[in-house]
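Me: I would like to go through some local features of a model. Please give the general idea before each case.

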Amino acid sequence: MRDNLIGEGTAKQKFVSANSRNQQAGSLRSPELGQRRLILFYGRNSGEYRLVIGDCVICLGAIEFSRRWAIAVVLAFTSAALAQDTIPISRTNRSILQPEEEAQIEEPGGFVAADHMVGDRGGWRERLFAAGVEVFAFDNSIFNGNVSGGIHPGHATIVNDAFAGLKFDLEKLVGWKGGLFVVSGIDRAGSDLTTKYVGSIYSVQQMVGGQRPFLYQVFLQQKLANKKVTLKLGRFSASDDFNASPFYGYSLNNGIDGDIRNVLFDTRFSAYPFPVWAAAVLLDPSPEWKMKFGIFETSKDMFDNTEHGLDWSIRGEDGYTAIAQFGWTPQLFKQPVSSGATDAKGAPAFAMKGMPGHYQAGVTFSQWDFYPRFLGGFEDHSYGFYVHADQMVYQEAPGSDQGLYVFVASGYYPQTEISIVPFQVNVGLHYKGLFPGRDDDRTVLHFIYGELSDDYARSVHVPGRHFADSEKVLEVGHRFQVTKWSYIQPDLQYVIDPGGTGDIPDAVVIGAQMGVTF
């Protein structure tokens with residue numbers, strides 16, 4: 001998803017570039033599992049992968065076997081080694097997943113093999129899930145190109161994002177009520193189309209940023225007060241819980257996907273795939289009201305992809321980013337809908353359901369001495385606001401999730417001396433099940449408007465050309481849900497005034513995103 005944090009020209013000097021090449025794969029090891037030894041290693045000279053399980057060595061050959069597939073194999077065999085028979089438990093919370101992954105999957109009450117490409121693998125995944133260990137893995141790719149306009153039309157690239165990890169239900173495993181421990185990793189690869197061939201501020205490939213393997217989340221979560229209070233502490237990013245919506249995951253442009261983009265442009269707002277030290281309190285006092293508060297480490301190296309997420313140091317010059325978010329999740333125009341059950345007299349039972357909506361507003365404040373001013377010097381703080389609203393406006397049948405949704409999102413960061421995009425607004429239309437017989441497909445239409453700051457425009461101005469003013473993007477796509485665990489989404493983006501100056505021709509970018517849930 002997300003996190004091409006830089007634009008063109010001087011902006012590249014003010015933010016850490018996230019487009020470095022991947023390093024060659026080395027070895028991946030699991031801890032000792034009883035008497036079992038599990039090692040996956042790569043012979044750099046021979047180009048072959050070998051998997052060692054106990055005393056057995058399996059040669060995987062000299063194939064294009066990327067790190068993301070290697071990680072998936074290790075997770076699978078690790079889980080098999082730990083599998084055991086116990087009583088099933090309810091599904092653990094999916095809040096750790098990024099919006100784009102949340103949008104791909106449903107919320108069943110337990111492990112459902114049909115929702116995963118690799119299935120249950122002989123029952124080990126269901127037994128593992130029942131024991132309190134959940135394995136999750138996703139792989140998403142974008143292949144697109146600018147067919148006209150931009151810096152250099154007629155080029156295409158492919159980028160990939162693999163996300164995998166483990167969730168440990170501590171209540172089931174060790175009797176720690178309400179406890180959850182999460183560890184996850186990311187591997188991103190591919191060449192950025194935007195900076196090379198399009199020249200826009202907003203990336204047309206939301207998976208660009210940190211193109212390397214990362215250790216991502218390592219955190220402990222505790223639920224209290226009948227699950228109305230959630231505490232999180234450890235290594236994760238602000239975008240896991242703040243400034244996000246599942247609707248954003250259906251955009252291939254990072255102006256929408258993941259987060260409202262100017263919140264990231266104009267602050268040190270930590271976002272996937274870059275983790276920091278963090279703590280958060282998530283409050284759910286009622287079904288309709290939610291409050292979130294978080295504090296996140298801010299440092300000069302937080303977007304440094306060469307560290308692979310392994311630099312856990314805290315330095316004296318580091319600062320912090322504090323975030324508060326308030327949400328309202330109503331169901332409007334409620335009416336009785338059959339629940340599928342019956343009452344004590346055998347009559348059909350009804351529940352009141354309406355058209356769902358999500359409304360949220362957030363504020364961020366960051367204290368850090370090194371926010372670079374575009375025209376020289378530093379600022380010691382950053383602040384701003386963001387809002388989001390989505391609402392179902394047409395429902396095909398009472399109680400159905402099929403129909404038309406509308407969303408609007410905006411960010412305002414008024415410090416023009418450090419804000420690339422002080423004001424941004426996103427608008428989207430989202431229809432689930434538009435075509436007969438395609439109930440799980442999604443049809444989307446998005447528009448992005450980003451107003452560039454005068455100080456930024458002066459800092460990147462080229463004599464004899466226009467000053468940067470604003471950039472706009474129009475996007476249309478349709479996601480075909482091929483199976484419960486796979487999709488493909490053809491997509492067209494029309495980038496208006498790439499870079500905001502009008503000197504670069506409007507770009508037409510065509511391609512597709514595809515993904516699987518393992």
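Reply: Helices and strands here are DSSP runs, a helix having at least four residues and a strand at least two, numbered from the N terminus. On that basis arginine 121 falls in the loop between α3 (99–102) and α4 (124–131). The model is predicted.

Me: What is the phi of arginine 121?

Reply: Phi of arginine 121 is near 50°, a positive value in a residue other than glycine.

Me: Is arginine 121 buried or exposed?

Reply: Exposed means over 50% relative accessible area. Arginine 121 has 53% relative accessibility, so it counts as exposed.

Me: Where does phenylalanine 333 lie, and what is its phi?

Reply: Phenylalanine 333 lies in strand β13, residues 331–342. Its phi is near 55°, again positive in a residue other than glycine. The relative accessible area of phenylalanine 333 is 64%, so this residue is exposed.

Me: Which residues does a cis peptide bond join?

Reply: Tyrosine 272 and proline 273, with omega about 10°. Proline 273 is in the loop between α7 (261–265) and β10 (276–286).

Me: Is asparagine 426 buried or exposed?

Reply: Buried means under 20% relative accessible area. Asparagine 426 is at 0% relative accessibility and therefore counts as buried. It belongs to strand β17, residues 423–432.

Key. Residues are numbered from 1 along each chain as its sequence is written. This is a predicted model: local features need pLDDT of at least 70, side-chain atom pairs count only at pLDDT 80 or more; totals for chains, interfaces and linings use all residues. Side-chain values use heavy atoms; hydrogens and water are left out. Buried means under 20% relative accessible area, exposed over 50%, partly exposed in between (1.4 Å probe, protein chains only).
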